[in-house]
Amino acid sequence: MRVGLACGGSWLGAALVAAAAAGPDTSGWESRVLLSSSVTSRLSAAESAVTVEPAGGPGGGAALRMGVVVDHFGGEAKYPVGWPRIAREFREAADRDWSAWDYLRLRVRADTARAALPAAPLSLSLRAPDKARSFSRTLDEVRKGEWTEILVPVRAITDPSDVTSMTLSISDANYSHGDRVDFLIGEVSLVRPREPALLEFAPDAGAIWSDARRLPVRFRLLGVPEGGRATLRFELREGATVVGRSAFAGGRGDHRALVDLPPLRPGPYTLHALAGPREAAPAARVTVVESPWAPLPPGAEGAAP
């Protein structure tokens, strides 16, 4: 069997949203810590108190506590209903360029006596040298009383090559006067896989006709150095039998593959992506269905209805 592949960097796939429980498992990924109980360089606070909780983090580790008592009448003179916040500036060029990383990862928990958090409990803002390249996002994944891992794709950031500061803030307007809310921050980090990994690896359709001759496959490639390329191997399998294989080389980003198909029997198949001996993504399932346009068996043309 011959498998031909075509790739492109323009496929955007799913919307650029942070992944929580449905996101990739980032344990073991390479990371650069930006904000934690041990990394507080140039950390500033406004209308909030920041303390260290030695055993308040996930798994019993340390965490930063951002404590806010909502005040609709005090605070900054021009904005009494304002934005309590903490921020860190990035002054060194190495700290400002995030383009070689795949995700910004936040581990956050909220504690409050409120019955529930507002729809927009916390916000993330990233500043750039000019406003047009700045980025902001509501962290609506934050939960009361439980730790949440939030993943913001670096590709969603307007200009990840020049981030001058990072701010976590609330809007007083989303809370009632006198509300107390504490955000425990286990860590805010840039992360990336240590080895090539595929996300959103799937065929465009989960079922194809038996006379189909090409199968479009899409995926996002991570864990490749900036400007580098990774070599992958695709295998189409019927059960444990490899019925075809092909090599692929590409850089970070979104790709689309067109897999040329041999004549296939109806039934279940799996498509695999491998980086060396290991699977670079969970196998994608494909069901082959008998085509209504398949050629009739010999002699069937003249058979009585």
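1. P58 counts as partly exposed, because its relative accessibility is 38%. (Buried means under 20% relative accessible area, exposed over 50%, and partly exposed in between, with a 1.4 Å probe and protein chains only.) P58 sits in the loop that joins β3 to β4, and β4 spans residues 63-69. Set aside its neighbours within four places in sequence, and P58 is in contact with W147 and G186. (Contact means heavy atoms within 4.5 Å.) P58 and V108 are 50 residues apart along the chain, yet 9.0 Å separates their C-alpha atoms.

2. This is a predicted model, in which local features need pLDDT of at least 70 and side-chain atom pairs count only at pLDDT 80 or more, while totals for chains, interfaces and linings use all residues. Residues are numbered from 1 along each chain as its sequence is written, and side-chain values use heavy atoms, leaving out hydrogens and water.

3. What is the protein built from, in helices and strands? There is 1 helix, and there are 20 strands. (Both are DSSP runs numbered from the N terminus: helices are H or I with at least four residues, strands E with at least two.) The protein has 305 residues, and 45% of them count as buried.

4. Look next at strand β5, residues 85-89. With which strands does β5 pair? Strand β2 (residues 43-46) pairs with β5 in the antiparallel sense over 4 bridges. (Two strands pair if DSSP finds at least two bridges between them.) In that pairing, A46 faces R85 of β5. Strand β10 (residues 165-169) also pairs with β5 in the antiparallel sense, over 5 bridges. Here L168 of β10 stands opposite I86.

5. The largest pocket holds about 390 Å³ of space. (On a 1 Å grid over the protein atoms alone, a pocket is an open set of points with protein on both sides within 12 Å along at least five of seven lines; a lining residue has an atom within 4 Å of a point.) The pocket has 14 lining residues, and R85, S125, R127, T167 and S169 lie nearest its centre. Strands β7 (123-127), β8 (135-138) and β10 each give at least two residues to the lining. By type, the pocket lining has 4 nonpolar, 6 polar and 4 charged residues.

6. The structure also holds 1 cavity of 30 Å³ or more. (A cavity is a set of grid points where a 1.4 Å probe fits but cannot get out.) The largest cavity has a volume of about 30 Å³. Its lining includes L126, R127, A128 and R133. F135, I157, D159, D162 and V163 also line the largest cavity. This lining has 5 nonpolar and 4 charged residues, with no polar ones.

7. E47 has a positive phi near 55°, and E47 is not a glycine. Where does E47 lie? E47 is in the loop between β2 and β3, and β3 covers residues 49-53. E47 counts as partly exposed because its relative accessibility is 26%.

8. E200 also has a positive phi, of about 55°, although E200 is not a glycine. E200 lies in strand β12, residues 197-203. At 30% relative accessibility, E200 counts as partly exposed.

Conventions. Grid points are joined across faces, edges and corners, and a volume is the space filled by probe spheres set on the points. Ala, Val, Leu, Ile, Met, Phe, Trp, Tyr, Cys and Pro count as nonpolar, Asp, Glu, Lys and Arg as charged, and the others, Gly among them, as polar.
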